[in-house]
Amino acid sequence: MIPGKHPSHPTFKRSFLFAIQGFRTAVRQERNIKVMLVGGCLAITLGLAIGLDAVSWAIILLCCGVVISAELLNTSIEAVVDLVSPEFHPLAGKAKDISAAAVWVLCVLVAVVGIIVFANAIVR
Ligand SMILES: Nc1ncnc2c1ncn2[C@@H]1O[C@H](COP(=O)(O)OP(=O)(O)OP(=O)(O)O)[C@@H](O)[C@H]1O
C-alpha cells in the first residue's frame, strides 16, 4: 500500500483479490508464465499417470510453485524497471538480466529434481 493513500490497510479478502488480479494479468500478458503453467500441468499429469507417492508429490508441487512464483517476481521486477527506466540504462539491463538469471537457475535445478523424482518413481 502507498503510505497515506488509504486510511486503513486493505482487508485480507481485498488483498487476495488484488493477488488474483495480478496473477491473471501476468498469465494474460506473459508468455513465460503460460509456458511454466503448461509445464506444471504436464508434470502433474505425468505424476498421476505414474502414481507418485506423497513425498514425490510434495516435491513436484513445491517445484512448480517455486518456479511460477519466481517468474511472477521476475515479471514484476521487469515492470518496475520499465517504470523507473523506460529509456536504455545499463543498470536497468543489469537488473532485468539478473532477475531473469534467478528464474533460469531455478528452472535448471527444478528440471534436475524433476528428472530424479520421476526416474526414481518409474524404476521403483
Ligand atoms: N531499459 C533498459 N535498459 C537496458 N537494457 C534493457 C532495458 N530493457 C531491457 N533491456 C535488456 O533487454 C533484455 C530483455 O528485456 P525485456 O524487457 O524485453 O524482457 P523480456 O525478454 O520480455 O523478459 P521476459 O521474457 O522474462 O518477459 C533485458 O534482459 C535487458 O538485457
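## A helical model and the shell around its ligand

The end C-alpha atoms of residues 101-123 lie 33 Å apart, and this span is 100% helix and 0% strand. Helices (H or I, at least four residues) and strands (E, at least two) are DSSP runs, numbered from the N terminus. UniProt, in an unreviewed entry, lists residues 35-68 and 101-123 under "transmembrane region". UniProt positions follow the numbering used here, feature names are shortened, and annotations may be inferred rather than shown by experiment. Residues 35-68 are 91% helix and 0% strand, with end C-alpha atoms 10 Å apart.

Please keep in mind that this is a predicted model: local features need pLDDT of at least 70, side-chain atom pairs count only at pLDDT 80 or more, and totals for chains, interfaces and linings use all residues. Residues are numbered from 1 along each chain as its sequence is written.

### The helices

The table compares helix length with the expected span, which is 1.5 Å times one less than the number of residues.

| Helix | Residues in helix | End-to-end C-alpha distance | Expected span |
|---|---|---|---|
| H1 | 18 residues | 26 Å | 26 Å |
| H2 | 20 residues | 29 Å | 28 Å |

After H2 comes glycine 51, whose phi is positive, near 85 degrees.

How many residues of H1 are buried? The count is zero among its 18 residues, so H1 is hardly covered. Here a residue is buried if 20 or more other C-beta atoms lie within 10 Å of its own, exposed if 12 or fewer, and partly exposed in between, with C-beta atoms placed from the backbone. In H3, by contrast, Ile60, Cys63, Ile68, Glu71, Leu72 and Asn74 are buried. The cover over these buried residues of H3 includes H1, H2 and H4.

Alanine 79 also belongs to H3, and it counts as partly exposed because it has 13 C-beta neighbours inside 10 Å.

### The nonpolar core

Leu52, Ile60, Cys63, Val110 and Val117 form the largest nonpolar core, which has five residues. Helix H3 (54-84) and helix H4 (90-123) are the elements that give two or more residues to this core. A nonpolar core means a set of buried Ala, Val, Leu, Ile, Met, Phe, Trp, Tyr and Cys residues joined through C-beta atoms within 7 Å. Leucine 52 touches Gly47, Trp57, Ile60 and Ala121, not counting residues up to four places away in sequence. Two residues are in contact if their C-beta atoms, placed from the backbone, lie within 7 Å.

### Around the ligand

Which residues surround the ligand? They are Glu30, Asn32, Asn74, Glu78, Ser85, Phe88, His89, Ala92, Gly93, Lys96, Asp97 and Ala100. A residue is near a molecule if its C-beta atom, placed from the backbone, lies within 6 Å of it. H3 and H4 each supply at least two residues of this shell, and H4 gives the most, with five residues. By class, the shell has three nonpolar, five polar and four charged residues. In this scheme Ala, Val, Leu, Ile, Met, Phe, Trp, Tyr, Cys and Pro count as nonpolar, Asp, Glu, Lys and Arg as charged, and the others, Gly among them, as polar.

### The annotated binding sites

One "binding site" annotation in the unreviewed UniProt entry covers Glu30 and Glu78. Although spread over 49 residues of sequence, they cluster in space, with a largest C-alpha distance of 11.2 Å. Glutamate 30 sits in the loop between helix H1 (12-29) and helix H2 (31-50), and it is partly exposed because 16 other C-beta atoms lie within 10 Å. Glutamate 78 is found in helix H3. Glutamate 78 likewise counts as partly exposed, with 16 C-beta neighbours inside 10 Å. Leaving aside neighbours within four places in sequence, glutamate 78 is in contact with Lys96 and Ser99.

The unreviewed UniProt entry also has the annotation "binding site" for Glu30, Glu78, Glu87, Phe88, His89, Lys96 and Asp97. These are spread over 68 residues of sequence and also spread in space, up to 22.8 Å between C-alpha atoms. Phenylalanine 88 lies in the loop between H3 and H4, and histidine 89 has its place in the loop between H3 and H4. Why is phenylalanine 88 classed as exposed? Phenylalanine 88 has 7 other C-beta atoms within 10 Å. Histidine 89 is exposed, with 12 other C-beta atoms within 10 Å.
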